[in-house]
There are 2 protein chains.
Amino acid sequence: MKKELKNTNGLYPSLTTLVGTVVEGKVNFLTIAHVGIMDMKQISVSLNKSHYSNAGIRQNKTFSVNIPCVDQVCKTDYCGLVSGKSVEKASVFSVFYGTLKTAPMIQECPVTMECRLVKTIDFPSHDVFIGEIAGTYCDEAILTDGKIDAGKLHPLLFVMHDTSYWTLGEPYAKAWDIGKRERKHRG
Amino acid sequence: MKKELKNTNGLYPSLTTLVGTVVEGKVNFLTIAHVGIMDMKQISVSLNKSHYSNAGIRQNKTFSVNIPCVDQVCKTDYCGLVSGKSVEKASVFSVFYGTLKTAPMIQECPVTMECRLVKTIDFPSHDVFIGEIAGTYCDEAILTDGKIDAGKLHPLLFVMHDTSYWTLGEPYAKAWDIGKRERKHRG
């Protein structure tokens, strides 16, 4: 039996990130779980227009997307609780840069990406910034055979329904593979 | 120590969905984990231009986004293995409709959304379709106090790095709350 929940957004869990920017010359970090994958090399972050970071992305045409792990939950949530308008967030983490000089990345995050702004979509309450990934930097400790190992990443998965961060569980099945059983079954 | 992984997309895990369409009068379902949240009521799905579903979304200006659970992993993966060009996928699941008559939804999926196409973004290899959620339908069994309970949902979280579906773990901390400790600590 289905229950109608009006137009509730049911697209959760969503990966929690920290978006790094330089705004008015200052490094800033904002917690964003409203993200998206556009194609293999382009990703989106959705920022309410009230945020301080938006102007920095517009000005520099760059931003970073950092994936925090469970150990960083307090600092991650803090960056979503306070605004760069009134609070200096540059010192919350150790900052490093890649090739883009205005996309500050977070040393403590196991996966970080620096992005070039390629498109901005204007929604009534949100700016959706689409960035092309210019460089990806990972802790060696989370790699297995040179690839990111989700089991070592310990990401924070955000669920709006209970406004909570959840952990990742276990690998369950191989994609483009487990479905072969159904294909065989259907003949 | 950070290792540079060129421009690897590190924005995983991402939620696995089944996108429902009507193409040339036939119901079709396609497995898509490259999704995004644009704002509270608008979501995106990214479809490689080679897919059969794209024409249906363009024609009807509607699509559905269905969240399968772990029990449906074989059928879900199957819908990503075979193309609606050559295989009839309408009978893989039980279909129902909401207010939009060309956005077929999946009875077996615990959460389903019917969407009106509001924008299409043209990337070289992908069409990104942005839909406004017109209606959301959930199994009563996965609700707690009238809200979707992620712990009852058992979604499939896709990771490209190992091309696997992962399970969701446990709630870890409250958002807009756990960070208050850091705020207090920083004064």
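Me: Is strand S11 (residues 126-139) of chain B largely enclosed or largely open?
Reply: This is a predicted model. A residue counts as buried if 20 or more other C-beta atoms lie within 10 Å of its own. In S11(B), 11 of the 14 residues are buried, so the strand is largely enclosed.

Me: Which residue of S11(B) is the bridge partner of Glu4(A)?
Reply: Start with the strands. Strand S1 (residues 2-4) of chain A pairs with S11(B) in the antiparallel sense, over three bridges. Within S11(B), the partner of Glu4(A) is Tyr137(B).

Me: Which residue of S11(B) does Ser46(B) stand opposite?
Reply: Strand S6 (residues 42-48) of chain B runs antiparallel to S11(B). Seven bridges join the two strands. Opposite Ser46(B) stands Val128(B).

Me: Which helix of chain B do the buried residues of H2(A) pack against?
Reply: Helix H2 (residues 73-81) of chain A has buried residues, among them Val73(A), Tyr78(A) and Cys79(A). Within chain A, the buried residues of H2(A) pack against strands S3 (17-23), S4 (26-32) and S15 (164-174). From chain B they meet strand S15 (164-174) and a helix, H4 (180-186).

Me: What kind of axis relates the two copies?
Reply: A rotation of 180° superposes chain B on chain A, with 0.0 Å of shift along the axis and an RMSD of 0.0 Å. The two copies are thus related as by a two-fold rotation axis.

Me: What percentage of the contact residues of chain B recur in chain A?
Reply: Recall that a 180° rotation superposes chain B on chain A. The same surface serves both copies, and the share that recurs is 100%.

Me: Which element gives the most to the side of chain B that touches chain A?
Reply: The contact takes 83 residues from chain B and 83 residues from chain A. On the side of chain B, 44 are nonpolar, 21 polar and 18 charged. The element that gives the most, with 11 residues, is S15(B).

Conventions. Residues numbered from 1 in each chain as written. Chains lettered and ligands numbered in written order. Predicted model: local features only at pLDDT ≥ 70, side-chain atom pairs only at ≥ 80, totals over all residues. Buried ≥ 20, exposed ≤ 12 C-beta atoms within 10 Å, placed from the backbone. Helix = DSSP H or I, 4+ residues; strand = E, 2+ residues; numbered from the N terminus. Pairing = 2+ DSSP bridges. Contact = placed C-beta atoms within 7 Å. Least-squares fit on C-alpha atoms with pLDDT ≥ 70 in both. Nonpolar A, V, L, I, M, F, W, Y, C, P; charged D, E, K, R; others polar.
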